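Please look over the sequence and the model first, then read the points below.

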Amino acid sequence: MIRVKNLQKSYQMGKESLTILHQATFTIRQGEFVAVVGPSGSGKSTLMHILGCLDRPTSGEYWFHDQDTSQLTGYELAQLRNRKIGFVFQNFHLLPRMTARQNVELPMMYAGMKRAERRKRAEDLLETLGLSERLHHLPNELSGGQKQRVAIARALANRPELLLADEPTGALDSTTSHEILEIFQELHQSGVTLLIITHDYRVAQYAKRHLFVEDGFVSERTWEDIHERN
Amino acid sequence: MNATELLTSAFLSMRAHLLRSLLTMLGIFIGVASIIAIVAIGKGGQNAVVSTLENNQLRQTIEIVPRELVVPGIPQPGQILSFSNEDFDIARQFQGVLQVAETLYGQAAVSAGRQSANLMLEGGPDYLNGLANFSVIQGRMFTNGDVLTHQNVALLSQQAALQLFGRENVVGQSLVVGGQTLQVIGVTASTEPSLLNGILGGGAVYLPYTTLEGIFPNWTASEMDIAVQPGVSVPELSQRIVTALNIHAHSAEAFETSAGFLQGIEKLIGTITNILTLVIGAVAGIALVVGGVGVMNIMLVSVTERTQEIGIRMSLGATKSAIVWQFLFESMMLTATGGLLGIVFGVLVTIIVRAAFHFPVAVSWQVSIGAFLFSALIGLVCGLYPALKASRLLPVDALRYE
Ligand SMILES: Nc1ncnc2c1ncn2[C@@H]1O[C@H](COP(=O)(O)OP(=O)(O)O)[C@@H](O)[C@H]1O
Ligand SMILES: [Mg+2]
């Protein structure tokens, strides 16, 4: 489903060029549950932004199915993010002036779905995630775990093929983290392709496959390998 | 996103910063309000003149006045200021003329009991022009018989009745003008707030011209009033009579119909309105420009403040054009609301002007709609740069923005 080859990301800092991501090459198949593990500042988020078409690589190839993303226009990338990719962020990134349901409706609104239809789907999703009592709450009226569940509902709104989560439990306590990870577990079982970014090995153990990032170098590791290093 | 969704979202975001939004609207508000008010007042003045003109046409009457009254200034040597008896005879000879009478105007002391006031006197035939927009609310108008037999009767305007008697029901009372006692047979009131009635019909006494001539023999006829047979074209006949009178006076510019006189006033009002429009228009224009710049500034602030929101929306699939429209709708919502409030306030001002100064006003709905659309256009123009700026953000940079 995802194929990257010699993916590189560099920033021009004054005269010097700073490379954040070095020649990353890997594939992710449909339905996989992958954890991207590595210390803070190693380039995990940068990688996720590229995979989520929020950023373009400096060089290298990124294929989404059989589509070379470097050939896509800004409009097509927006469409891809809208229909095929769902994002979950560490700080939830809910829109503060919108209720839980309105937040979940947003991606469907951008997809041009009818009001009644998207309202129904938003309510169904929130109910599935145990938030049927919180439909009309604003984000600041919700706990961290509830916010993250709203964010997950929003990411799932347009039935994406790929779910990207950047430190989804980073702002949560361990019990709530566990609840959220259970949700990801279930999503994986229902066939969604999952990529979770984390620097926390307890989170990483939920995944079936692990990519290790260090100083911008991405490498495939077994769980045992990562676990031992820890 | 469709227009309804964009409108709702723009409205919510306006409401979220209510005070800031209202302050931003101020320039547009002031600009639009002044435009609405000035146009209503100018148009009202012109309408008053036009309706008086139309009224005369309906009544099949012609008024002719010496041109000196039309174009006030220093009279030329030999300038004709009033009518001679021969002038009346000339007019009487025309086919289609029913009756020729005169109207005299002047100011004089009028007393009733101990009260006395300096009032306008107007002596005329029973088809008195000055009463065009008046109705007799008490008693009756004097008749042609009263005119022919020099009856000592008079009508008072409402204001005159109040001034002299302190009340309005004064039919049967008497008053004294120039030593002559007159019986009050009626009271008149303005039927519409009209600029001309305001000028001509303040505190006034109306009486048969024959009676007024008797009281003040040296007052000269300042207006010739001609009643025209039904079916005869008033403009054509009046042109022919004026030409004949001018030939008699050996001057191409001695006389003029009062339609011309009214058109003169209309022109004058037009000139005054134009000057006012220019001045207030300049003020309004500056207010609108300053308002527009303010809107642009606030939108730039808003885009910066909401950089992360823009990033989130992009991550959810918002296209560049969706972002552009979102911010365009917000700035248009700001300016259109400002415009709408400006229209409401402008109309309020015209209502106050009408009530306080008895000045005719006519709010133009075309101008109102135009002003509304124009204020929305300001939002579109001034919101364009901030909106484009927002849409050009890279999703990742917007998301990472703190
Ligand atoms: N816009 C940028 N310009 C320069 N350096 C950046 C930019 N964005 C991120 N970086 C750098 O890239 C490195 C990796 O960042 P990031 O991908 O966020 O790491 P992680 O998510 O693994 O903590 C960091 O050292 C960060 O400072
Ligand atoms: Mg990170």
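How many residues of chain B are in contact with chain A? In this predicted model, 22 residues of chain B are in contact with 23 residues of chain A, contact meaning heavy atoms within 4.5 Å. Local features need pLDDT of at least 70 and side-chain atom pairs pLDDT 80 or more, while totals for chains, interfaces and linings use all residues, and side-chain values use heavy atoms, with hydrogens and water left out. Residues are numbered from 1 along each chain as its sequence is written, with chains lettered from A and ligands numbered from 1 in the order in which they are written.

**Interface**

- The area buried between chain B and chain A is about 2,200 Å², 62% of it from carbon and sulfur atoms. Buried area is the accessible area (1.4 Å probe) that two parts lose on being put together, summed over both.
- One salt bridge is found across the interface of chain B and chain A; the rule asks for a side-chain nitrogen of Lys or Arg within 4 Å of a carboxyl oxygen of Asp or Glu.
- A:Arg118 and B:Glu5 form a salt bridge, with their closest N and O atoms 2.6 Å apart.

**Domains of chain B**

- Chain B has domain 1 (3–49 + 266–400) and domain 2 (61–229), with bounds from an automatic or database domain assignment.
- Between the C-alpha centres of domain 1 and domain 2 of chain B there are 51 Å.

**Helix H6 of chain B**

- In helix H6 (residues 158–165) of chain B, the buried residues are B:Ala160, B:Ala161, B:Leu164 and B:Phe165. Buried means under 20% relative accessible area, exposed over 50% and partly exposed in between (1.4 Å probe, protein chains only); helices (H or I, at least four residues) and strands (E, at least two) are DSSP runs, numbered from the N terminus.
- Among the elements covering the buried residues of H6(B) are strand S2 (97–112) and strand S5 (153–157) of chain B.

**Aromatic pairs**

- Over all chains, the whole structure holds six aromatic pairs. Rings of Phe, Tyr and Trp (its six-membered ring) pair if their centres lie within 6.5 Å; planes under 30 degrees apart count as stacked, over 60 as edge-to-face and the rest as tilted.
- A:Phe87 and A:Phe89 are stacked, because their ring centres are 5.8 Å apart and their planes at 5 degrees.
- A:Phe87 is buried, with a relative accessible area of 3%, and A:Phe89 is buried, at 5%.
- B:Phe83, B:Phe88 and B:Phe255 are linked by ring pairs into a cluster.
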